Amino acid sequence: MAEAFGQFRYPTPPLAVYPAETIEAHRAFIARRRATRPSEEYRTPTDEEWDAFLAHFEKRKVSVGTCGRAFSTPCVHEHACVRCSLLRPDPAQRPRLEEVRDNLIARIAEAEREGWLGEVEGLRVSLAGAEDKLAQINRRSSAGTTVDLGLPSISGRTR
């Protein structure tokens, strides 16, 4: 409903339209998939299971953002979150991430000075992760900016 009687109205968001065959094929796939899975997987969870599920999402909140790892999966980075591609950084935590980055730079300098080459390697991985998280924040914050294009003018138009 972009126009109504010559007056502009707010556009509606685009909707995806799929052929009926596609929808039916997907429904058939889901039905076949469910038929092959054990029926006990489609039971009501116990209170303990539900509490564990909800607790998982509470544990996903970390100091610099939110961990996106799947339910009931261990943290493969041993909670070195800046290294993890599943960490979604919180833009409000930019100063904290900058502090982490600056601290890593200082620790790398110290490790190089002391000859702790194994430490240097690990710290560089963490530094690359911290810089990546800051870049993610930059990309997300710049994606939401608007640009004023002004009002169009029609010149040289004859009636």
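This is a predicted model: local features need pLDDT of at least 70, side-chain atom pairs count only at pLDDT 80 or more; totals for chains, interfaces and linings use all residues.
Residues 24 or more positions apart make up 46% of the chain's contacts that have a separation of 6 or more; contact here means heavy atoms within 4.5 Å. Numbering runs from 1 along each chain as its sequence is written, and side-chain values use heavy atoms, with hydrogens and water left out.

On to the overall layout. The chain has four helices and five strands, and they come in the pattern β-β-α-α-β-β-β-α-α along the sequence. Helices (H or I, at least four residues) and strands (E, at least two) are DSSP runs, numbered from the N terminus. Of the 159 residues, 16% count as buried, where buried means under 20% relative accessible area, exposed over 50%, and partly exposed in between (1.4 Å probe, protein chains only).

Three strands line up as E3-E4-E5 in an open, antiparallel sheet.

| Strand | Residues |
|---|---|
| E3 | residues 61-62 |
| E4 | residues 65-67 |
| E5 | residues 87-89 |

E3 and E5 sit at the edges with a single partner strand each, so one side of each has no neighbour in the sheet. Two strands pair if DSSP finds at least two bridges between them, and E3 and E4 pair over two bridges. Valine 62 has glycine 65, in E4, as its bridge partner.

The largest nonpolar core holds 14 residues, and Leu97, Leu104, Ile108 and Leu123 have the most contacts inside it. Such a core is a set of buried Ala, Val, Leu, Ile, Met, Phe, Trp, Tyr and Cys residues joined through side-chain atoms within 4.5 Å. Helix H3 (94-114) and helix H4 (117-143) each supply at least two of its residues, with H4 giving the largest share, six residues. Not counting residues up to four places away in sequence, isoleucine 108 touches Val120, Leu123, Arg124 and Leu127.

Lysine 133, also in H4, is buried, with a relative accessible area of 1%. Its side chain reaches the backbone oxygen of cysteine 84 at 2.6 Å. Beyond its neighbours within four places in sequence, lysine 133 contacts Cys81, Val82, Cys84, Ser85, Leu87, Pro89 and Leu97.

Conventions: A polar contact is a pair of N or O atoms within 3.5 Å; within protein, one must be able to donate a hydrogen and the other to accept it, and residues adjacent in sequence count only if both atoms are side-chain atoms.
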